[in-house]
Amino acid sequence: MKRMFKMLFIITISFIFSINVFAVSNNTSLKDLKDKLAKEAAEVKKVENKQKQTKNSIIALEKDLDKLAKEIDDFELAIKNSKTKVTELEEDIKNKKVEIDKLISFKQTTDVENMYMEYVFEAKSFTDFIYRSALVEQLVKHNDELINEMHDLIEENKKEQINLANKIDASENTIDKLNSTLKKYNLTMDDLVDDHKDAKADYEASKKEVEAYEKLYKQNGCKETTSILDCIDIPYADGFIRPLKSGTITSEYGLRYHPTLHYYRMHNGIDIGVAMNTPVYASAAGIVTKITRVANPSKRNSSCGGNKVYVKHRVKGKEYTTAYMHLHSISVKLNDFVTASTVIGKSGGGESYDYCTTGPHLHFGIMKGSTYENPRNYVNFPKLGKRFTSRF
Ligand SMILES: [Zn+2]
């Protein structure tokens, strides 16, 4: 019995505790936003550091590639020199052979017209004759030795040529490998440049958002830890309606294989296929609290998400934020009060717009506090692939 009570007590305490945690995490305060801003700043820094690292790796790889290309040039020059050397040696051998032939023919002939015979018989004495004969013999032997040496040199050169050719092959293999690594690094660099643009755009938007709240908190004399709903007059709303007059559901909220980024990631909203430049409405009354503008929304690869508008709502005492992404144009300003009939901007998306989209659409998300939830929990959307023609 005592144990039962103990169990019940623990369960009750943890239940109360979990409700508290829930309540705290549900309605955000200025402090929460400042903490988030710090995280976004860190994210920008992280991407910048990765960019620096990748840039350094690319520079190092390019240096290695230059070095290898120079090595190959040196090897090729060495092979060329070695081939010239072999040709020269072969020429020398040929000449030496002619010389030997001449010397041998002297030894085999009795022709007095022969230059060597003359030379021998011009001898002044028998001793001189013997001496000159021996000299011819020695010359033949010496030439033979020279030819052998030259043959050895040719062999050495040919071996060296094979050796150099192998070295060239090895260097070329390394170059291929380095080039494929370089290609990967360059792709990573492209991604990082885009990531940086996104992170920076989000950070700048959050910074302006915090500044706007700071002003309102100061005006209303609130503490940083006070929730936004308790400090600021966020308009009351009963619920949410569709942000477009018509459209087709093209993608659901949840974990999905990203169509253009090609990996699994969380899809924090619902995608509604709609023609470019269609008016987008606020889903409920509220205040525009954050606007993310990309540097060049008409240039592909400029950002993932494009222009974004965030509207803060108070629905049945709870804080919500709706997010509208891939907007082609924005027609509201920060801190603007909106109703469900306010056009916040015109839709964009499409392949020519940003690299995260494959067709014109509106990405619509709903956050309860600071957590994204399935918009279907709040808005009546038709099934995936089905079209709607009214806002309800
Ligand atoms: Zn989407």
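The model is predicted. Its zinc ion is held by three protein donors, H267, D271 and H363. A search of the whole structure finds 6 aromatic pairs, and one aromatic cluster is formed by Y324, F364, F381 and F388.

**Zinc site**

- The donor atoms are NE2 of H267, OD of D271 and ND1 of H363, and they lie 2.0 to 2.1 Å from the zinc ion.
- Along the chain, the donors of the zinc ion are spaced as H-x3-D-x91-H.
- H267 has a relative accessible area of 5% and is therefore buried, the cut-off for buried being under 20%.
- D271 also counts as buried, because its relative accessibility is 5%.

**Second largest pocket**

- The volume of the second largest pocket is about 180 Å³.
- Its lining consists of A201, E204, A205, K208, I291, T292, R293 and L334.
- Two elements, helix 4 (126–219) and strand 7 (286–292), each give two or more residues to this lining.
- Helix 4 provides the largest share of the lining, with 4 residues.
- Sorted by class, the lining of the second largest pocket holds 4 nonpolar, 1 polar and 3 charged residues.

**Aromatic pairs and cluster**

- Among the 6 aromatic pairs found in the whole structure is that of F240 and Y320, which is edge-to-face because the planes stand at 75 degrees, with the ring centres 5.4 Å apart.
- F240 lies in the loop between strand 1 (236–237) and strand 2 (247–251), and Y320 lies in strand 9 (residues 318–330), so this pair ties together parts that are 80 residues apart in sequence.
- Both F240 and Y320 are buried.
- A tilted aromatic pair is formed by F381 and F388, with 6.2 Å from centre to centre and 50 degrees between the planes.
- F381 counts as buried because its relative accessibility is 6%.
- F388 has a relative accessible area of 3%, so F388 is buried as well.
- F381 and F388 belong to one aromatic cluster together with Y324 and F364.

**Charges over rings**

- K290 places its charged end over the ring of Y310, at 4.9 Å from the ring centre.
- R314 has its charged end over the ring of Y236, where the distance to the ring centre is 5.0 Å.

**Contacts between residues apart in sequence**

- G273 is part of strand 5 (residues 270–273).
- With a relative accessible area of 17%, G273 is buried, since the cut-off is under 20%.
- The C-alpha atom of G273 is separated by 6.1 Å from that of I249, and these two residues are 24 residues apart along the chain.
- E71 is located in helix 2 (residues 30–108).
- The relative accessible area of E71 is 29%, so E71 is partly exposed; this class falls between buried, under 20%, and exposed, over 50%.
- From C-alpha to C-alpha, E71 and I168 are 8.2 Å apart in space, while in sequence they are 97 residues apart.

Terms used: Residues numbered from 1 in each chain as written. Predicted model: local features only at pLDDT ≥ 70, side-chain atom pairs only at ≥ 80, totals over all residues. Heavy atoms only, no water. Donors = N, O, S within 2.8 Å, 3.2 Å for Na, K, Ca; no water. Buried < 20%, exposed > 50% of the residue type's maximum accessible area, 1.4 Å probe, protein only. 1 Å grid on protein atoms, 1.4 Å probe; cavity = no way out; pocket = protein on both sides within 12 Å on 5 of 7 lines; lining within 4 Å. Points joined across faces, edges and corners; volume = space filled by probe spheres on them. Nonpolar A, V, L, I, M, F, W, Y, C, P; charged D, E, K, R; others polar. Phe/Tyr/Trp six-rings, centres within 6.5 Å; stacked < 30°, edge-to-face > 60°. Lys NZ or Arg CZ within 6 Å of the ring centre and 35° of its normal.
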